Amino acid sequence: MTYEFIIVEPAFQDKVALIRLNRPKELNALNLQLMLELKDALKSLDQLENVSCIIITGNEQAFAAGADIKQMESKNAIDLLHIDQFETWDQIRKTKKPLIAAVNGFALGGGCELAMTCDMILAGESAKFGQPEIKLGIMPGAGGTQRLTKALGKAKAMELVLTGRFIGAHEACERGLINQVVPDELCLDEAVKLAKEIAQMSPVALQLAKESVLKAFESGLQEGLYFERKNFYLCFASDDQKEGMKAFVEKRKPEFKGK
Ligand code: CAA
């Protein structure tokens with residue numbers, strides 16, 4: 001399993017596989033190829049009998065700083081409709097084996113959404129979670145408005161989505177977004193501990209139990225995801241999206257005009 005933007009170790013420890021997001025210079029920004037690689041790796045790991053639990057991690061600086069803004073900057077709504085990147089996200093969400101996100105550093109935008117797509121999240125104490133898309137003149141598009149709201153409740157989710165503020169690992173844990181906060185340097189070790197405990201269970205029971213928990217969590221979600229997706233595309237019809245992303249690339253403050 002050799003890829004350009006992720007490193008996959010199917011036999012990392014016991015029945016635990018590890019996927020490391022690996023675009024360090026770009027803070028693991030999730031470009032389309034990385035997401036396709038991730039989808040492909042998860043599909044393959046799902047089929048391996050000697051894998052019972054999968055950990056997704058990044059590096060010390062970032063789990064992932066979001067979708068790749070430079071790749072999205074020039075796109076319009078119809079480009080996005082054709083690229084259909086969220087089909088990849090839908091497939092990742094359908095992974096049958098338990099997925100644990102081990103988060104150090106930034107988990108922002110699509111990075112936060114990817115962590116939330118996993119079944120459990122462990123974070124180092126310096127980790128930061130947020131949905132800063134609003135600062136780019138857009139909004140979350142890979143489940144952020146839905147999953148964050150289910151996890152944090154309306155008021156806090158609204159604050160994060162409308163201001164783009166970050167929350168730290170301790171607050172994220174107190175509010176139920178993540179499972180556990182650990183010292184930064186122990187994040188992967190603790191994730192492996194949890195994964196090994198899970199990996200001891202019956203693979204059939206794990207699959208059925210995961211499916212059942214997700215069913216409870218996701219009923220009613222689909223409608224919200226489709227609604228969010230259309231509005232995400234619609235953001236790309238605005239001047240503010242162009243301005244927000246251009247300003248990011250030029251490292252200056254954007255001037256939004258509401259058009
Ligand atoms: N896309 C593309 N490149 C990114 C990136 C992203 N999401 N995040 C960081 N990078 C790049 C930077 O452009 C920079 O590259 P250069 O050295 O070539 O300039 C490099 O990674 C390092 O980043 P910074 O210099 O900005 O690092 P910092 O420590 O000063 O700041 C940060 C870190 C606060 C995370 C900042 O990089 C940042 O705000 N990143 C963008 C976060 C964001 O807006 N994410 C949402 C993206 S949209 C999305 O995800 C849509 C969706 O829901 C699907």
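The model is predicted, so to speak plainly about limits: local features need pLDDT of at least 70, side-chain atom pairs count only at pLDDT 80 or more, and totals for chains, interfaces and linings use all residues. Residues are numbered from 1 along each chain as its sequence is written, and side-chain values use heavy atoms, with hydrogens and water left out.

Start with the ligand. It is surrounded by 24 residues, with Ala67, Ile69, Gly110, Glu113 and Glu133 the closest. Near here means a heavy atom within 4 Å. Now the polar contacts, meaning pairs of N or O atoms within 3.5 Å. A backbone N or O atom of Ile69 sits 2.9 Å from a ligand nitrogen. For Ala65, a polar backbone atom is 3.0 Å from a nitrogen atom of the ligand. For Lys25, a polar backbone atom is 3.4 Å from a ligand oxygen.

Next, the helices. These are DSSP runs of H or I, at least four residues, numbered from the N terminus. Axes are lines fitted to C-alpha atoms over the stretch in contact, and angles run from 0 to 180 degrees between N-to-C directions.

First pair: H4, residues 85-93, and H5. Their axes are 10 Å apart, at an angle of about 30 degrees. That makes H4 roughly parallel to H5. Angles under 35 degrees count as roughly parallel, over 145 as roughly antiparallel, 65 to 115 as roughly perpendicular, and the rest as oblique. From H4, the contact uses Trp89, Ile92 and Arg93; from H5, Gly110, Glu113, Leu114 and Thr117. Contact means heavy atoms within 4.5 Å. Gly110 and Glu113 are also among the residues closest to the ligand.

The axes come within 10 Å and cross at roughly 60 degrees. H5 and H6 are therefore oblique to each other. Glu113, Met116 and Thr117 of H5 meet Gly144, Arg147 and Leu148 of H6.

On the H6 side we have Thr145, Leu148, Thr149 and Leu152; on the H7 side, Lys154, Lys156, Ala157, Leu160 and Val161. By class, that contact divides into five nonpolar, two polar and two charged residues. Ala, Val, Leu, Ile, Met, Phe, Trp, Tyr, Cys and Pro count as nonpolar, Asp, Glu, Lys and Arg as charged, and the others, Gly among them, as polar.

Technical notes. Helices (H or I, at least four residues) and strands (E, at least two) are DSSP runs, numbered from the N terminus. A polar contact is a pair of N or O atoms within 3.5 Å; within protein, one must be able to donate a hydrogen and the other to accept it, and residues adjacent in sequence count only if both atoms are side-chain atoms.
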